[in-house]
Amino acid sequence: MNTHFANLETSLSARAATIEAIHQNAAAARHAARAQAFGHVFTMIGAGIGAVLSAIATWPTKRDTYKALDQLSDKQLADIGLARGEISRVFEPGFALQAANDGALPTGRAA
């Protein structure tokens, strides 16, 4: 019977070692996931702060440009390919002047 208990004890000891290894691996994976999450959060915070600082730095130039465009007549705006309603969109990402980019001559002019 002692052999049976010895085999059982060996089996339980092996299982305990396996469980401990699984526990260690799970703890390491949890630690890595937390580190990655905190790294991502700090990266996003840094990007947000950078965007705010950039907006603050470029705001005076954008304001002056907006005022200058707003003071132009509708004809002057049309000459540069801009309509009065588009002035507020000039600073949006991806905004492009249609007339200035297509290379076409204005209507009524010959080449």
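The structure is a predicted model, in which local features need pLDDT of at least 70 and side-chain atom pairs count only at pLDDT 80 or more, while totals for chains, interfaces and linings use all residues. Residues are numbered from 1 along each chain as its sequence is written, and side-chain values use heavy atoms, with hydrogens and water left out.

**Overall architecture**

The protein chain contains three helices and zero strands, and its elements run α-α-α from the N terminus on. Helices (H or I, at least four residues) and strands (E, at least two) are DSSP runs, numbered from the N terminus. Of the 111 residues of the chain, 5% count as buried. Here buried means under 20% relative accessible area, exposed means over 50%, and partly exposed lies in between (1.4 Å probe, protein chains only). Among the contacts in the protein chain with a separation of 6 or more, 10% join residues 24 or more positions apart; a contact means heavy atoms within 4.5 Å. The chain exposes about 9,200 Å², of which carbon and sulfur atoms supply 62%. Accessible areas come from the Shrake-Rupley method with a 1.4 Å probe; for residues, only the protein chains shown count as cover.

The largest nonpolar core has five residues: Leu69, Leu77, Leu82, Ile87 and Phe95. Such a core is a set of buried Ala, Val, Leu, Ile, Met, Phe, Trp, Tyr and Cys residues joined through side-chain atoms within 4.5 Å. Apart from its neighbours within four places in sequence, Phe95 is in contact with Leu82, Glu86, Arg89 and Val90.

**Salt bridges**

Side chains of opposite charge can pair when their charged atoms come close. A salt bridge is a side-chain nitrogen of Lys or Arg within 4 Å of a carboxyl oxygen of Asp or Glu. The whole structure holds six salt bridges, including those in the table.

| Salt bridge | N to O distance |
|---|---|
| Arg63 and Asp64 | 3.6 Å |
| Asp74 and Arg84 | 2.7 Å |
| Glu92 and Arg89 | 3.7 Å |

Asp74 and Arg84 meet in a salt bridge. Asp74 lies in helix 2 (residues 74–79) and Arg84 in the loop between helix 2 and helix 3 (98–102), so the pair ties together parts that are 10 residues apart in sequence. Asp70, Asp74 and Arg84 are linked in a network of salt bridges. Arg84 is partly exposed, at 35% relative accessibility. Arg63 is partly exposed at 31%, and Asp64 is partly exposed at 44%. Glu92 is partly exposed at 40%, and Arg89 is partly exposed at 36%.
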